[in-house]
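Q: Please take a close look at one part of this model: aromatic pairing and its surroundings. Give the cut-offs as you go.

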Amino acid sequence: MADMSESAIEYAIIHNELAGQWEARLKEPATENGLGSVIGYIAYDILDDTFMLTHTTVKEQYRGKGIAEELVRTALDEIAAARKTVIPLCSYAQAYIEKNPRYASLVAAEN
């Protein structure tokens, strides 16, 4: 969960398994389901025990605030905790893993 004091944006990262994505959601205003609006996400598909990270995006007005980085980091940390692997099809996720070699062991071996 993150609090963005610089721009007064408060958001939380949640794993929305039904949608197949980790989402950055504004804390306020909450919608009828108690969650704020989605301002970014990292989407995935699952094949066996491998998360294929397909796309990362953040709404234009929220870009440049570290939200995409936090989405990818949160996804990778949760995938690691579940002892699963990843295939970073998304260029942002791939670049993040290259810059943060501690996640390299999560990348599924090529067949």
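A: Rings of Phe, Tyr and Trp (for Trp, the six-membered ring) pair if their centres lie within 6.5 Å; planes under 30 degrees apart count as stacked, over 60 as edge-to-face, and the rest as tilted. By that rule, a search of the whole structure finds four aromatic pairs. One of them joins Tyr 96 and Tyr 103, whose ring centres are 5.9 Å apart with planes at 40°, so this pair is tilted. The model is predicted: local features need pLDDT of at least 70 and side-chain atom pairs count only at pLDDT 80 or more, while totals for chains, interfaces and linings use all residues. Residues are numbered from 1 along each chain as its sequence is written, and side-chain values use heavy atoms, with hydrogens and water left out.

Buried means under 20% relative accessible area, exposed over 50%, and partly exposed in between (1.4 Å probe, protein chains only). Tyr 96 is buried because its relative accessible area is 7%; Tyr 103 has 3% and is therefore buried. Ala 104 has 42% relative accessibility, so Ala 104 is partly exposed. Ala 104 sits in the segment that follows helix H2 (91–99), helices being DSSP runs of H or I of at least four residues and strands runs of E of at least two, numbered from the N terminus. Between the C-alpha atoms of Ala 104 and Val 86 there are 9.4 Å in space and 18 residues in sequence.

Val 86 belongs to strand S6 (residues 85–88), where Val 86 and Pro 88 form the covered face and Thr 85 and Ile 87 the uncovered one. In a regular strand the side chains alternate between the two faces of the sheet. S6 runs parallel to S5 and is joined to S5 by four bridges; two strands pair if DSSP finds at least two bridges between them. Opposite Val 86 stands Phe 51, and Phe 51 is also part of a cluster linked by ring pairs, together with Trp 22 and Tyr 44.

Trp 22 leads on to the largest nonpolar core, where a core is a set of buried Ala, Val, Leu, Ile, Met, Phe, Trp, Tyr and Cys residues joined through side-chain atoms within 4.5 Å. This core has 27 residues, and Trp 22, Leu 53 and Leu 76 touch the most other members. Two or more residues come from each of strand S2 (9–16), strand S3 (21–26), strand S4 (38–47), strand S5 (50–58), helix H1 (67–81) and H2. H1 gives the largest share, seven residues. Beyond four places in sequence, the contacts of Leu 53 (heavy atoms within 4.5 Å) include Tyr 44, Leu 76, Val 86 and Ala 93.

Tyr 44 is also among the residues that Gln 21 touches beyond four places in sequence, which include Ile 14, Tyr 41 and Ile 42. Gln 21 lies in strand S3 and is buried because its relative accessible area is 13%. The Gln 21 side chain makes a polar contact with the side chain of Glu 23 (2.7 Å). A polar contact is a pair of N or O atoms within 3.5 Å; within protein, one must be able to donate a hydrogen and the other to accept it, and residues adjacent in sequence count only if both atoms are side-chain atoms.

For context, the chain has two helices and six strands, in the order β-β-β-β-β-α-β-α. Of its 111 residues, 41% are buried.
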